[in-house]
Amino acid sequence: MIPLSQLLLRFKSLTNTEKVKKQIISEELSNILGFQIPLEVVSFSKNTLFLKVQPIIKSEIFLRKIEIIKKIQSLPGLGYIQDIK
């Protein structure tokens with residue numbers, strides 16, 4: 001019989017947690033927009049990405065919405081994101 005700890009080792013490298021996804025999204029948005037997007041303002045539900053940022057930042061995001069969505073969809077585990085609000 002294989003010990004449980006040995007079986008769980010294969011799941012150690014999986015990065016599907018919500019915090020990791022938020023961090024990846026935050027980093028990509030920061031790279032695209034040229035300024036830092038804090039991890040705390042990023043959330044997602046079903047197929048929508050929600051950003052709680054200032055209106056001027058939201059305007060910049062909506063100007064580049066298609067580019068941002070394509071980039072986020074290309075990231076592993078985030079292909080289901082279809083909209084930004």
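Analyst: Let us begin with burial, for which a cut-off is needed: a residue is called buried when its relative accessible area is under 20%, exposed when that area is over 50%, and partly exposed in between. Please keep in mind throughout that the model shown here is predicted. By this cut-off Glu28, with a relative accessible area of 18%, counts as buried, and buried residues make up 31% of the 85 residues in the protein chain.

User: Which salt-bridge partner does Glu28 have?

Analyst: The side chain of Glu28 meets that of Lys71 in a salt bridge, with an N to O distance of 3.8 Å. Because Glu28 belongs to helix H2 and Lys71 to helix H4, this pair ties together parts of the chain that are 43 residues apart in sequence. Lys71, at a relative accessible area of 35%, is partly exposed, whereas Glu28 is buried.

User: How many salt bridges does the structure hold, and where do others lie?

Analyst: The structure holds 4 salt bridges. One of them joins Asp83 and Lys65 at 2.8 Å, N to O, and this pair links distant parts of the chain, since Asp83 is in strand S3 and Lys65 in helix H4, 18 residues apart. Lys65 is partly exposed, its relative accessible area being 25%. Another salt bridge is formed by Glu18 and Lys22, whose closest N and O atoms are 3.4 Å apart; both residues lie in helix H2, 4 residues apart, which is about one turn of the helix. Glu18 is partly exposed as well, with a relative accessible area of 45%.

User: What does the largest nonpolar core consist of, and which element gives the most to it?

Analyst: As a general idea, nonpolar side chains in soluble globular proteins tend to be buried together. In this model the largest nonpolar core has 20 residues, and those with the most contacts inside it are Ile25, Leu49, Leu51, Ile61 and Ile68. Helices H2, H3 (55-63) and H4 (65-73), together with strands S1 and S2, each supply at least two residues of this core, and H2 gives the most, with 4 residues. Ile61 shows how such packing can be followed residue by residue: leaving out residues up to four places away in sequence, Ile61 touches Leu33, Leu51, Val53, Ile68 and Ile84.

User: Is Ser30 buried or exposed, and which residues is Ser30 in contact with?

Analyst: Ser30, found in helix H2 (residues 18-33), is buried, with a relative accessible area of 11%. Apart from its neighbours within four places in sequence, Ser30 is in contact with Phe35, Gln36 and Ile37.

User: What can be said about contacts and surface for the chain as a whole?

Analyst: Among contacts between residues at least 6 apart in sequence, 44% join residues at least 24 apart. The accessible surface of the protein chain comes to about 6,000 Å², of which 58% belongs to carbon and sulfur atoms.

Key:
Residues numbered from 1 in each chain as written. Predicted model: local features only at pLDDT ≥ 70, side-chain atom pairs only at ≥ 80, totals over all residues. Heavy atoms only, no water. Buried < 20%, exposed > 50% of the residue type's maximum accessible area, 1.4 Å probe, protein only. Contact = heavy atoms within 4.5 Å. Core = buried A, V, L, I, M, F, W, Y, C linked by side-chain atoms within 4.5 Å. Areas by Shrake-Rupley, 256 points an atom, 1.4 Å probe, with all protein chains shown as cover.
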